[in-house]
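Me: I've got a structure open and want to chat through its ring contacts and one of its helices. Can we go through them piece by piece?

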Amino acid sequence: MNISYNWLKSIIPLEWSVEKLADKLTMSGTEVEAIEEFGAEFDNIVTAQVKSVEKHPNADKLKVCEVSDGDHDYHVVCGAPNVAENQKVILAKVGAKLPKGQHIKEATIRGVQSSGMICSYAELSLGEYTDVIVVLPDETTVGKPIQELFGEKDYVFELEITPNRPDCLSHRGIVREIQALGGGKLPVPAIAIEETGAPIDKEVVVEILNPDDCPRYAARLIKGVEIKPSPPWLVSKLHAVGIRSINNVVDITNYVMMEYGHPLHAFDFNLFENKKVVVRGADKNEKFVTLDGLERKLPEDSVLITDGGKAVALGGIMGGLNSEVTQDTRDILLESAYFNPVRIRRTAKAVKLSTESSQRFERGADLENITVPLDAAARLIRELAGGEIATGIADCYPNEYRRISIPLTVEETNRLLGTELSLSEIQSILESLDLLCTKTAENSLNAEIPSFRPDLNVPADLIEEVSRIYGFDNIPESEVLSGNMDVEIPANIRFAKSAREFFTVRGFDEVVNWVLYNPKKLQKLEYDYKPVQISNPLSEDTAILRPHLFGSLLDRVAYNLNRNVEDIKIFEVDTIFESAGKGKLPAQSLQLAGAWTGNAFKQGWGNPTRAVDFYDIRGLIEDFFIHIGYSNYRFSALDGDAFLDSEWSLAITSDDELIGKLGKGSSKTLDVFEIKQPTWLFFIDVPKLLGKREYIRFEEPPKFPPSDRDLALVVDDSLKVGELMGFVNSLDEKYLEDIRLFDIYSGKQVPENKKSIALSLRFRHPERTLTDDEIDNAINSILNRLKSKYKLDLRE
């Protein structure tokens with residue numbers, strides 16, 4: 001948002017320097033990001049008068065003009081259709097350099113000598129008119145450098161306006177801030193309108209069919225205008241804040257928007273089929289051609305301004321090409337309306353069109369005072385474009401705005417700020433922001449909130465206003481701490497911290513990847529997921545929110561391998577996304593994932609290295625679970641996975657629920673990501689793990705020795721060891737403390753299609769040493785239940 005220092009001074013007699021104003025605004029919450037000195041240097045470009053105009057002897061569309069700067073006369077060939085005798089114009093003399101780099105030289109044009117150029121605003125980079133020259137007021141002095149014509153040197157402030165402060169998106173809004181900070185008083189606009197036309201209700205009728213999306217619509221009608229270039233003062237003001245001149249009427253709507261903060265729109269009323277304005281919602285799949293010439297498919301219920309038949313504007317965003325103001329326009333319908341911020345924001349995003357108008361309406365405009373900028377614009381149009389203003393305003397306002405009232409106490413204000421402000425001081429600050437305050441008790445008041453402050457809703461909002469205007473530097477420092485300092489850190493944050501500690505200690509590097517991802521790679525892997533599509537992606541590579549961390553990690557592996565980094569150990573703890581259905585926000589969950597390729601450890605003296613393998617990745621995860629104190633898990637065979645090779649991979653489950661996977665990247669995966677060496681991967685679904693996790697509790701170390709017994713069982717070759725061990729653990733044998741696998745054998749001493757599983761069982765009693773009979777009974781109980789569940793024999 002650009003604000004002109006001179007423009008502010010034209011509203012209020014501001015005595016602060018540029019630097020002081022910037023500091024005051026920044027310290028009160030309106031950050032000044034940059035200050036630019038404004039005022040282009042136009043050497044050898046002056047005001048002049050056209051003394052005579054003759055037809056060019058060799059070209060029908062050219063004219064030969066005699067132009068005087070008061071000291072000398074110049075012959076200038078000009079192609080503008082509006083050049084005429086006695087006009088005051090802008091002359092670029094020989095030797096002048098125009099803003100776009102063009103040097104003015106003596107030239108022969110179709111056989112006639114030309115010594116200079118009569119300029120348009122486009123040639124001065126001040127506007128868009130290219131085919132007509134600038135015609136200055138008759139009272140303009142000839143021979144003046146045009147720096148004087150366009151005003152004194154100015155300073156432009158680039159402001160960072162937060163989304164909750166639409167009231168600051170104008171010069172008068174910033175003057176209100178200056179008023180609150182003690183820099184003067186914002187004058188109430190006194191706009192005198194000369195209404196000489198017929199009553200407006202005889203000319204146009206306004207009807208709103210969707211008052212929730214358009215609570216108010218007002219219009220004025222000006223007939224018999226002349227569309228032409230704007231005067232220099234208007235062009236200069238708009239240029240200072242980064243807006244190019246288009247024509248006098250459109251420039252006036254932009255000027256009033258920058259002055260008052262309320263967007264306006266001008267229609268060519270003669271292009272209306274019916275002399276009425278009907279505001280309605282867009283139909284399903286309805287299309288509309290906006291002023292930029294693009295046909296846009298509109299979301300259902302977008303606000304449309306119509307003439308009772310065809311649509312003529314996309315409400316709050318952009319006008320229509322079919323009602324554009326052109327040089328042929330004679331009658332202007334001037335719109336000032338209020339649109340629902342949520343509807344405008346959704347529509348602007350859906351049609352991918354952000355304008356100065358939409359940026360203001362989607363933050364919240366001033367519903368109560370939409371006729372003030374309307375009158376200001378109508379008066380300027382009458383002054384700069386002529387015409388007659390119809391009597392009255394067509395103002396459709398079905399449900400008048402009701403101001404909210406917020407109570408505030410001195411006690412609460414001082415408690416939150418640590419100040420000792422009185423009620424009168426608090427009231428004075430709030431009233432300086434144009435809030436109407438009423439004292440309700442000795443130490444309390446009610447503040448009535450105008451519609452230009454949609455950000456004020458609760459007492460804390462008022463206290464924030466008091467603090468920033470009172471001055472943060474004026475609030476005394478305090479070393480007294482209050483409140484509950486014992487705040488529990490959420491489980492997911494504790495988990496992420498623990499994971500980072502574990503993996504970084506073991507030589508892994510944490511990576512942080514973009515959440516946007518390329519769906520084509522996942523499609524090649526036939527990965528089954530519910531994508532969260534980006535409606536306006538920067539490219540195909542960023543078309544979805546990532547559903548898994550493996551893709552991003554494999555991209556990083558490929559990137560580093562291509563740069564001759566062969567030993568890679570990386571991990572990431574971040575959010576993944578999945579669609580929750582149409583109209584719903586995507587589901588999000590935290591995932592821990594890692595990738596490991598190359599050597600298992602660094603080679604050293606007497607320490608030859610080797611490639612990382614299955615047992616390394618499994619051992620890593622087992623150690624991690626020990627690190628976080630998690631034991632309620634088991635590994636089992638992996639039936640299938642889009643990323644992993646099932647023969648060299650495991651599923652990680654807890655209570656039969658999948659909480660993660662680990663294993664070797666499949667050959668298809670490595671081909672898709674163009675990785676040419678074995679790569680091992682793992683991931684853990686953090687919410688599921690945390691849902692199963694039991695907190696570690698202190699247990700006294702056992703006082704009595706354990707008793708270990710080994711069992712060698714002959715089972716079917718198809719029986720999974722993890723399943724058998726899980727069954728033993730589930731028996732809840734009273735004194736069984738631990739079970740471990742220490743051998744698997746198949747060969748001559750074991751029948752065909754069978755294998756021998758050797759298990760070590762540890763028993764312990766917490767209060768005494770177990771007897772042999774107790775251990776034998778426990779072993780027999782386990783064997784009997786195993787035999788009833790599986791076909792197995794005890795190997796001798």
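Me: How many aromatic pairs does the structure hold?
Reply: This is a predicted model, where local features need pLDDT of at least 70, side-chain atom pairs count only at pLDDT 80 or more, and totals for chains, interfaces and linings use all residues. Residues are numbered from 1 along each chain as its sequence is written, and side-chain values use heavy atoms, with hydrogens and water left out. Rings of Phe, Tyr and Trp (its six-membered ring) pair if their centres lie within 6.5 Å; planes under 30 degrees apart are stacked, over 60 edge-to-face, and the rest tilted. The count of aromatic pairs comes to 28.

Me: How far apart in sequence are the parts tied together by Phe-614 and Trp-648?
Reply: These two form an edge-to-face pair, 6.3 Å centre to centre with 65 degrees between the planes. Helices (H or I, at least four residues) and strands (E, at least two) are DSSP runs, numbered from the N terminus. Phe-614 belongs to helix α16 (residues 614-627) and Trp-648 to strand β34 (residues 644-654), so the parts they tie together are separated in sequence by 34 residues.

Me: Which residue lies over the face of Tyr-559?
Reply: A charge sits over a ring if NZ of Lys or CZ of Arg is within 6 Å of the ring centre and within 35 degrees of the ring normal. Arg-176 does this over Phe-452, at 3.9 Å from the ring centre. For Tyr-559, at 3.6 Å from the ring centre, the residue is Arg-563.

Me: Within what arc do the buried residues of α19 fall?
Reply: In helix α19 (residues 721-730), the buried residues are Val-721, Leu-724, Met-725, Phe-727 and Val-728. The arc is taken from the directions from the helix axis to the C-beta atoms. Seen down the axis, the buried residues line one face of α19, because they fall within an arc of 155 degrees.

Me: Which exposed residues does the face of α19 turned away from its buried side carry?
Reply: The buried residues pack against elements including β37 (707-716) and α20 (772-789), where contact means heavy atoms within 4.5 Å. On the face turned away from that buried side, the exposed residues are Asn-729 and Ser-730.

Conventions: Buried means under 20% relative accessible area, exposed over 50%, partly exposed in between (1.4 Å probe, protein chains only).
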